[in-house]
Amino acid sequence: MVNLFKSLFDLFFPRVCVLCRSTDLSYSKICKECYSKITFIESPYCLRCGVKLPAAIFQKNVVNPVICPSCSGKKFPFKRMQSVFIYDENSRDLLLRFKHADQSHLADLFAEWMVLHAHEMLREVDCIIPVPLHPKRLRHRQYNQSAELARHLSKLIQLPFYSSVLSRCIFKETQGYKGFRQRRLNVRGAFAVQRSYLIEGKHVLLVDDVMASGSTVMECSRELKRSGAKRVYILTVARTL
Ligand SMILES: [Zn+2]
Ligand SMILES: [Zn+2]
């Protein structure tokens, strides 16, 4: 009976690609063609910052032991950072739809992709925390896309999801037009941790939708470490390069 209802539902409301409305679906919500245009970040990538590396430096049968030149010898407040795909002209639309709430159901697709691409890193974490939006922006935007991602991911991998441990305390203007140095100064001291006992001695996974300069996730990581987290891991859906 349930199947009959499902077939009727599919007949009247056919499932279509969220980007081009094709019915030739590949991955539950997007079609084969749109899926093939997305640049997923496959191995080899830097085991610290997650940047895609040229295949030439990857030796076969070695478990990706690579740290990129700009990470080598440096200290970071996080253990490891990874993203599922590159933010470019082909993936921008998907992310914008997700960000502006009309396609918030994309969170479950992105969470599935996160598990597929980062399962190795996910095995090392104890709990999940989203990058917070400032309350003012949250009111304007209705929902925090990072929290939606983190919530779906926590259901898939059965880990605690703490949506209010990390909060944003100073409202800063949008970072869109600022240089890297200015961005870094802009987020300094912008986050605070409550109920730090939840993360003390824990491996915390910080989740966001898009990583650009990295200044926001770096500052969040610093705050989580200052508040007692043993390690911070960062997972985003996309990164700009
Ligand atoms: Zn499509
Ligand atoms: Zn790196």
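This is a predicted model: local features need pLDDT of at least 70, side-chain atom pairs count only at pLDDT 80 or more; totals for chains, interfaces and linings use all residues.
Residues are numbered from 1 along each chain as its sequence is written, and chains are lettered from A and ligands numbered from 1 in the order in which they are written. Local features need pLDDT of at least 70 and side-chain atom pairs count only at pLDDT 80 or more, while totals for chains, interfaces and linings use all residues.

A residue is termed buried if 20 or more other C-beta atoms lie within 10 Å of its own, exposed if 12 or fewer, and partly exposed in between, with C-beta atoms placed from the backbone. In soluble globular proteins, nonpolar side chains tend to be buried together.

Ile129 touches Ala150, Tyr162, Val165, Leu166, Val204, Leu205 and Leu206, residues up to four places away in sequence not being counted. Contact here requires C-beta atoms, placed from the backbone, to lie within 7 Å.

Helix H8 (residues 215–226) has 12 residues and reaches 16 Å from its first C-alpha to its last, close to the 16 Å expected at 1.5 Å a residue. The expected span is 1.5 Å times one less than the number of residues. H8 is mostly covered, with 9 of its 12 residues buried; among them are Met218, Cys220 and Leu224. Just after H8, Gly228 takes a positive phi of about 110 degrees.

Further backbone features occur in loops. A cis peptide bond with omega of about 5 degrees joins Ser43 and Pro44, and Pro44 lies between helix H2 (32–37) and strand S3 (80–86). Arg21, in the loop between helix H1 (2–12) and strand S1 (25–27), has a positive phi near 65 degrees although not a glycine. Arg21 is exposed, with 9 other C-beta atoms within 10 Å. Gln158, also a residue other than glycine, has a positive phi near 55 degrees. Gln158 lies in the loop between helix H6 (145–157) and strand S5 (166–168) and is exposed, with 6 other C-beta atoms within 10 Å.

Note on methods
Two residues are in contact if their C-beta atoms, placed from the backbone, lie within 7 Å. Helices (H or I, at least four residues) and strands (E, at least two) are DSSP runs, numbered from the N terminus.
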